[in-house]
Every structure is written in C-alpha cells, then in structure tokens.
Amino acid sequence: MSKKTLAELSSDVLVGRHVLVRVDFNVPLQDDGTVGDDARIRRTLPTLRRLRDAGARAVLLSHLGRPGGEPDPTCSLEPVADRLSELMEGGVRFAGETAGEEAEAAAGDLDDGELLLLENTRFHPGETTNDPELAAAWASLGDLYVGDAFGTAHRAHASTAGLPRAIRDAGGDAVAGLLMEKELRFLDEALADPERPFVAVLGGAKISGKIDVVHALLPRVDRLLLGGAMANTFFLALGLEVGESLVEEDRVEMAREAMEEGGEKLLLPVDCVVAEELDTGATTRTVPRDEVKEGERIGDVGPRTREIFAAELARARSVVWNGPMGVFELTPFAGGTLAVARSAAEAADAGALVVVGGGDSGSAVEEAGVTDRLTHVSTGGGASLELLAGNPLPGVEALSESAEVEEET
Ligand code: ADP
Ligand code: MG
C-alpha cells in the first residue's frame, strides 16, 4: 500500500486525539425518515470501532443526497446518527451543522472513544467547490484525518481532498481507513499485476461512461467479455440490426476502434433475448445476434453467450466485473446477469481473485446470492470505474505516503 493507513497507527498515537473521519453515509432514507439499507454504514464500522477502541475522539463527515449547498431537512444525517448509535451501541453524538460554532463546541465536548457525526457536508456550498476556508474550518477540529469514503474518493471536494491536504499542511497525517485500504488493495493493487488469465466482464447501460475503462483494460486483460446495452452499440458497428434497442449512435466509431484494438481479446454476445417491450410481462424470443428484427429490443445476452462467458470465467485466475449483462431488474431479462454472477462465484470458489465494482452490479450479485463467495464487492461505483480506467482518485491522492515509500524516496 503506497498510502499510509489507519492499520499502521498504534493506539498510543490515537488515544485522546481528535480525528476527522470522512465516511460514506450516503444511504437511502425511507418515507418515515429512517435509514433504509444501512450497508454503507456497516462497511465503515471496522474503522470506527478501531478508533473507539483506541480511545480517539472521532469527528465524522459525510454527505447525503444532493441538497445543493444549503440546509435541507430531507437530507439530514440525524437519522443516520441514530442508526449508527444502534450499530455502535451508543457513544455517538450528532451536531446540527456541518461547520461553525455548534460543530466546534460539539467536537470540544467529546470524550475519549466517542464519535461525533456532523451534519451533511453538502449543506455548505463550499463542499463541492472544494472551498479552502471550509476545509480549514474542519481542519481546526482535529490534527489527524482518516479517509474511508471510497465511494466519494473520485470527487475533489472539501471533505475528501481539501481537508486532508489542510491537515497535512499543518503537519498532521491523512491516512486511509480500513474500508478504503481494502478497496484499494483489491481494485488497484491486485489488478495491477494480476494472475493470468485475467478476464474482465463489462456491461451496463452506456458505452460512453465506460469506454475509458474498455481502453484501459484491453492492453492488460487476456479477455474482455462485453454484454448489456453497451454491446448493442458494438452490434451497430458490425452492421447488425438492433431494432429499437438502447444504443448510442454517436459512439459507434468508439466501438469500432475498441474492436480493432481488442481483436480476439474482445468477446461480444453471439445471441440475445429480445422482446417488443422491455417489461416484466414481456414475451421474449432467444435469437442469434444477426436475427434481431425491426421493432425488437435486446434485453439480455442469450444462453450460448452465457456458456461462452462461463467457459472463459472457469479458466480465469483474476476477474473484474462491472455492469450487468441485461435489464436484470426485470425477471425475463435477468438470466444472463445471474448466470455470469454464478460463473464468477464458481471461479472464486476455484481460487480466482474476483472483484465486482458498480452499484447495479453489486445489487445483481446480491440478488444472485453470491456476494460472500466473491473476493471483493466494491462499495463505490464511480470510484471503482475511475480506478479501472487508470485515473487517480483525488480522495486517495490527498492522503499521506506510507512510511516505507517515504524512506525509499
Ligand atoms: P453499474 O451500476 O453496475 O456500473 P450501469 O449503471 O452501467 O451498471 O448499468 C446498469 C443498467 O444497465 C441497469 O439498469 C440495466 O437495466 C441496464 N441495462 C443492461 N443491459 C441493458 C439492455 N440490453 N438494454 C437496456 N438497459 C440495459
Ligand atoms: Mg449504475
């Protein structure tokens, strides 16, 4: 790990210390105002328990939703503080503002081992503009920073980038939390020098958001399996009829280039599940990819494609998967995605490193019931794509270098 981590810090360093912790508590709130799926909160618990056990005084920062730079009660983190308090069995305080006198006073009141959650960072307009004054206000609350919000690490915001820089400018350390460390270990380091064959599976709605990933992965992988609506644009580039399928006409050229670059490495679906409408009650047909009719829509990859992809995954020693193979939210078009999820899990059972990134892909592996069999399912959709595309993450760049790296340079 090139970045300094929380795991490297001993309890002596942490006890009694005010530590600023950027977490990802961007969870769904239900109509009654309580937290829905609390998976994101749970994923941060190892970091928070470590800080508590060491006797640190943790000040937690997170955004929730898009309040647009001003207080919006529907995006308050107060229900999150309640849920966190249940999960931590007490010792959690909440401040009704993100920066200012109330936040300062609340941070000052903390005892060793207590946690304070500040109100939504995006209630302040300076968060998304990475305002140095806001970063300085937060930096004045502590002298150590823990970045654990992998899901927001691709944003250069005040709490993810400005604050860790301000802490370091003041002579403090900014370290990766336990969740952040795990994400980087699997998405970055493991895939930098993967055991081969290395197989990538890409799908999802849009080629435009993922073409950088295609280009970044092609030279590194042994196979790139492509499905989902993304594949439709490649079909267009091959001159195939795609009916009313979701396509990006303006990306056909990109698809053509990727096919040239990829050659035999790039595998497209050979058959598809089609219907006139993509809905739950759809009457479907399974056809070779050159028999899609006008007016039809491609909703999933077909059974022959699933077999081919399964065979590739069975041989793989490293797998990265982002994006569903079809409209998996609808039962008639879920088969391809679930089949890939099962094949990926079998590969992991057989000892391959299998990493899944992407919000919808995460839901799909959850639905297939295979999450626990995989090496790692990332918590960050956008951030994991940026890493796979080879782009640096501002929230990671801002952290201190680990001691070993510093000694070398
Ligand atoms: P992730 O969140 O895992 O990165 P994306 O957001 O890129 O994945 O894509 C997921 C979406 O792609 C899903 O909502 C799915 O319904 C849609 N999708 C996949 N295949 C198709 C298709 N053939 N036609 C239309 N939409 C599709
Ligand atoms: Mg998505």
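1. Contact means heavy atoms within 4.5 Å. In this protein chain, residues 24 or more positions apart account for 74% of the contacts with a separation of 6 or more.

2. This is a predicted model, where local features need pLDDT of at least 70, side-chain atom pairs count only at pLDDT 80 or more, and totals for chains, interfaces and linings use all residues. Residues are numbered from 1 along each chain as its sequence is written, and side-chain values use heavy atoms, with hydrogens and water left out.

3. Start with the overall build. The protein chain has 16 helices and 15 strands. Helices (H or I, at least four residues) and strands (E, at least two) are DSSP runs, numbered from the N terminus. The radius of gyration is 23 Å, close to the 22 Å that the globule rule gives for 409 residues, so the chain is as compact as a globular protein of that length. That radius is taken over C-alpha atoms, and the globule rule is 2.2 Å times the number of residues to the power 0.38. Along the principal axes, the C-alpha atoms fill a box of roughly 70 × 50 × 35 Å.

4. Next, burial. Of the 409 residues in the protein chain, 53% are buried. Buried means under 20% relative accessible area, exposed over 50%, and partly exposed in between (1.4 Å probe, protein chains only).

5. Which residues of helix H5 are buried? In H5 (residues 132-139), they are Leu 134, Ala 135, Trp 138 and Ala 139. They cover an arc of only 140° around the axis, which puts them on the same side of H5. The arc is that of the directions from the helix axis to the C-beta atoms. An α-helix has 3.6 residues a turn, so residues three or four places apart point the same way. The exposed residues Pro 132 and Glu 133 are on the face of H5 turned away from its buried side. The buried residues pack against strand S1 (18-22), strand S2 (57-61), strand S4 (115-118) and helix H6 (158-169).

6. Strand S4 also holds Leu 117. At 0% relative accessibility, Leu 117 is buried. Beyond its neighbours within four places in sequence, Leu 117 has contacts that include Phe 25, Leu 60, Leu 77 and Phe 94.

7. Thr 152 sits in the loop between strand S5 (144-147) and H6. Is Thr 152 buried or exposed? Thr 152 is buried, with a relative accessible area of 2%. Not counting residues up to four places away in sequence, Thr 152 touches Arg 22, Asp 24, His 63, Arg 122 and Thr 160.

8. Cys 272 belongs to strand S10 (residues 271-275). Its relative accessible area is 1%, so Cys 272 is buried. Cys 272 and Arg 297 are 25 residues apart in sequence, yet 9.6 Å apart in space, C-alpha to C-alpha.

9. Now the backbone. Arg 196 and Pro 197 are joined by a cis peptide bond, with omega about 5°. Pro 197 lies in the loop between helix H7 (178-192) and strand S7 (198-202).

10. Two loop residues deserve a look. Glu 89 has a positive phi of about 55°, although it is not a glycine. Glu 89 is in the loop between helix H3 (78-88) and strand S3 (92-95), and is exposed at 75% relative accessible area. Asn 130, also not a glycine, has a positive phi of about 55°. Asn 130 is in the loop between S4 and H5, and is partly exposed at 26%.

Technical notes
Chains are lettered from A and ligands numbered from 1 in the order in which they are written.
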